[in-house]
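Please find below my notes on the model.

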Amino acid sequence: MREANILTVRKKLKPAPFILLALTVFLTAVFLAPVFFAVISAFKSNGEILKNPMSLPTSIYLKNFQDLFAQSDFVTAIKHSVFLTVVSEILIVCIVPLAAYAMERRQTRVTKIIYTYFLAGMMIPFHLYMFPLFKEMKLFGIFGTLAGPVTCYISGSVAFGSLLYCSFLKGVPLEIEEAAEIDGCNPFQTFWQVTFPLLGPCTASMVVLNGLGIWNDFLMPYLALPSDRAKTITVEVYSFVGQYSARWDIVFAGTVCSIVPALIIFILLQKYFVKGITAGAAKG
């Protein structure tokens with residue numbers, strides 16, 4: 001009887017959940033450690049950071065943020081980051097759902113080829129076509145302007161956006177659109193007035209994913225915008241890292257300033273973001 005009870009207890013105490021929990025805690029600590037280090041370093045002097053990087057600040061040192069705005073055109077960098085993110089997101093939300101809707105609802109040989117072409121573009125890394133892309137931007141006269149990165153962000157989001165929206169559209173009943181057409185709506189009105197409101201979670205996922213990527217992007221603004229003027233937040237922060245010296249206190253202050261807006265947007269849209277990803281995966 002005693003041995004039977006021991007076997008019953010052993011069956012109840014399965015090691016898998018504890019292993020998964022320990023692994024989750026470990027990975028959480030690994031991913032949060034750089035954020036924690038950046039936050040505590042933002043409120044320390046440069047000497048204190050170099051002397052003991054992992055220690056907590058002995059006092060709240062706010063001169064980092066004053067020097068950040070005094071020694072750089074950080075306000076203009078914020079405006080550029082906001083402009084690139086907001087304008088790109090608006091145009092992405094206006095263009096990508098329409099493309100996905102056309103490919104999903106009008107499945108012909110041409111639309112299937114276009115869809116496959118978009119998906120194939122996801123397999124090519126950006127660094128492989130980076131320099132030809134810049135030459136093309138110069139050809140169209142948008143290199144060195146904010147229009148250049150915006151155009152690249154829009155074109156770069158079409159592939160994944162089409163995949164996400166097409167997967168989500170599979171779960172939208174055709175009867176709803178047919179009823180709208182009977183009521184006199186043309187295809188354009190049917191999409192924007194009937195179908196698009198049902199794609200809210202999918203749109204939120206697109207906004208969060210692309211917004212975070214554009215806001216934190218470094219390479220495109222660094223290479224495509226003029227070097228003699230303020231660029232974006234990430235590039236402006238990088239300017240304080242030199243070959244022989246670095247103002248790490250200002251770097252981490254700027255990093256915290258760039259994290260806060262993105263974190264707020266993600267928290268506000270987190271519910272819709274998770275719902276859109278899971279729903280798209282299930283319906284695809």
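1. Tyr222 is partly exposed, at a relative accessible area of 35%. Here buried means under 20% relative accessible area, exposed over 50%, and partly exposed in between, with a 1.4 Å probe and protein chains only. Tyr238 is likewise partly exposed, at 41%.

2. This is a predicted model: local features need pLDDT of at least 70, side-chain atom pairs count only at pLDDT 80 or more, and totals for chains, interfaces and linings use all residues. Residues are numbered from 1 along each chain as its sequence is written, and side-chain values use heavy atoms, with hydrogens and water left out.

3. The count of aromatic pairs comes to 15. Rings of Phe, Tyr and Trp (its six-membered ring) pair if their centres lie within 6.5 Å; planes under 30 degrees apart count as stacked, over 60 as edge-to-face and the rest as tilted. Phe188 and Trp192 are edge-to-face, because their ring centres are 6.3 Å apart and their planes stand at 65°. These two are 4 residues apart in helix α10, about one helical turn. Helices (H or I, at least four residues) are DSSP runs, numbered from the N terminus. Phe188 is exposed at 54% relative accessibility, while Trp192 is partly exposed at 24%.

4. The rings of Tyr222 and Tyr238 are also edge-to-face, since their centres are 5.9 Å apart and their planes at 85°. Tyr222 lies in helix α12 and Tyr238 in helix α13 (residues 233-238), so the pair ties together parts 16 residues apart in sequence.

5. One aromatic cluster is formed by Tyr101, Phe188, Phe191, Trp192 and Phe196. Tyr101 is also among the contacts of Thr195, together with Leu169, Val172, Glu177 and Thr190, not counting residues up to four places away in sequence. Contact means heavy atoms within 4.5 Å. Thr195 is in helix α10 (residues 187-198) and counts as buried at 0% relative accessibility.

6. Which residues lie nearest the centre of the largest pocket? They are Tyr129, Cys152, Ser155, Gly156 and Ser157, out of 25 lining residues. On a 1 Å grid over the protein atoms alone, a pocket is an open set of points with protein on both sides within 12 Å along at least five of seven lines; a cavity is a set where a 1.4 Å probe fits but cannot get out; lining residues have an atom within 4 Å of a point. The volume of this pocket is about 920 Å³, and α8 supplies the largest share of its lining, 9 residues.

7. The second largest pocket holds about 280 Å³ of space. Of its 14 lining residues, Thr85, Val86, Gly211, Trp215 and Ile265 are the closest to its centre. Each of α5, α11 and α14 (248-283) supplies at least two lining residues.

8. The structure has 1 cavity of 30 Å³ or more. The largest cavity has a volume of about 40 Å³. Residues lining this cavity include Ser81, Leu84, Thr85, Ile214 and Trp215. α5 gives the most to the lining, with 3 residues.

9. Helix α11 has 16 residues, which at 1.5 Å a residue should span 22 Å; its end C-alpha atoms are 22 Å apart, which agrees. The expected span is 1.5 Å times one less than the number of residues. Among the buried residues of α11 are Gly211, Ile214 and Trp215.

Technical notes: Grid points are joined across faces, edges and corners, and a volume is the space filled by probe spheres set on the points.
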